Amino acid sequence: MAITYLEGLKGNFPAFTEDVDQMVTLYNKKHWHELTEFLLVLVDKEAWANGAAQLDLYQNFIRSFESKMNLFSLGKIMVSVTQKLPHEQAAAVCCEVADTVKKNNLQAYFLLKTEAATHKIELNEVLVAKGFIEEATTYLSNNDVSTLEVDLRANIYKSQSCLLKKEAKYDEFYKTSLLYIAHVKTELLPESVQEAIAFEVGIAAVLSKSIHNFGELIHHPIIETLKKSNNAWLAELLSCFNVGNFDAYSELAKQHGKSMEQYFGSSNIFQKLQLMALLHFLFSTPVYERTLSFASIHEKCKTESIKDVEPLLLRALALGLIRGSIDEVDQVIEVTWIAARALGKSEVADLVQHVKAWGKQVQLVLSETSSTLQQHEDQDRS
């Protein structure tokens, strides 16, 4: 039956002859592993990129030997197939195959259920999708992550980020999306998909309440697709925020004000820029010089007046971005700690200079201490 179906494919689609002959050979030899690996590649071929045709291949050929396949690989094949189908049909197929593999391979089951969840979200069936995702997240939490397939972890994070995007939970969406792109080879994704991810995560970064360092996103290769797109302004905006560059921000606001208004609306992103400028200023200042005047912060963070510096510092303290003590009388703050940040090359270079300067300070203190001890010893002898 399966071979008859394949022979019919050759008659209807002569361009598929070479691929079909290879499948027939592997099937007849019962080389199930090699046939599975061949199908994993086949479903991603552009010539075969028809969801209906691929689903037909599954129903009339793959099903005949799916019990002999690696079931997680079957799950990966079906994820690829369903991504080319309408959302309603795709969700139904994912759930059907998931139920088939559940008894023998839970990882394949959750791979397919989380894929079904992404389709359910597109259909606005959010409660159903949330149920699938919560079940998969519990499975992820209850198992040693190192024992789980990377593709499964990636799909769980992808479905979580789709749900968080739907719910406009920008902070969690940003963090979860970074986990997703850390688990996939983004260079293998279509460029349009890479650009969409970079854009959505970039918008979330600016709108988030708790994210005040964009280094992980800015230095990820996926941002390059954004730089080459019509939304390159967002990549520039992320960079100027990350170092608190007010001049660059003003220029972008002049050139792309309509786009910024469209995506950020009434959100006070300028206050966020001030906070990020404060963090960059503090990071750039050696540890032993972090008793800063309100006047210097006013200048670096572009507050309307010196009176606005203290509220800015209080926000930073409340958000856990810095620790320290404010002297309202002398109008200074002593900063004892700043939040960790993902560093770019220039910031790493700054850090190296800080460490060298700190080393010199330590050597100076040791030298002075040694000299003082020597003087005391000389006095004791006399």
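**Pocket, core and strands in a predicted model**

Helix α9 supplies 9 residues to the lining of the largest pocket, the largest share of any element. The structure is a predicted model. The volume of this pocket is about 1,700 Å³. Two or more lining residues come from each of α3 (32–42), α5 (71–82), α7 (106–122), α9 (150–166), α10 (170–182) and α11 (191–207). The lining comprises 43 residues. Q83, K158, Y180, L189 and V193 lie nearest the pocket centre. By class, 22 of the lining residues are nonpolar, 9 are polar and 12 are charged.

The nonpolar core was examined next. In soluble globular proteins, nonpolar side chains tend to be buried together. Here the largest nonpolar core holds 118 residues. Within this core, F61 and L237 touch the most other members. Helix α16 (residues 269–284) gives the most to the core, with 10 residues. Beyond its neighbours within four places in sequence, L237 is in contact with V206, Y249, L252, M260 and F264.

Strands β2 and β3 form a hairpin with 4 residues between them. In that hairpin, Q331 takes a positive phi near 55 degrees.

Terms used
Residues numbered from 1 in each chain as written. Predicted model: local features only at pLDDT ≥ 70, side-chain atom pairs only at ≥ 80, totals over all residues. Heavy atoms only, no water. Pairing = 2+ DSSP bridges. Core = buried A, V, L, I, M, F, W, Y, C linked by side-chain atoms within 4.5 Å. Buried < 20%, exposed > 50% of the residue type's maximum accessible area, 1.4 Å probe, protein only. Contact = heavy atoms within 4.5 Å. 1 Å grid on protein atoms, 1.4 Å probe; cavity = no way out; pocket = protein on both sides within 12 Å on 5 of 7 lines; lining within 4 Å. Points joined across faces, edges and corners; volume = space filled by probe spheres on them. Nonpolar A, V, L, I, M, F, W, Y, C, P; charged D, E, K, R; others polar.
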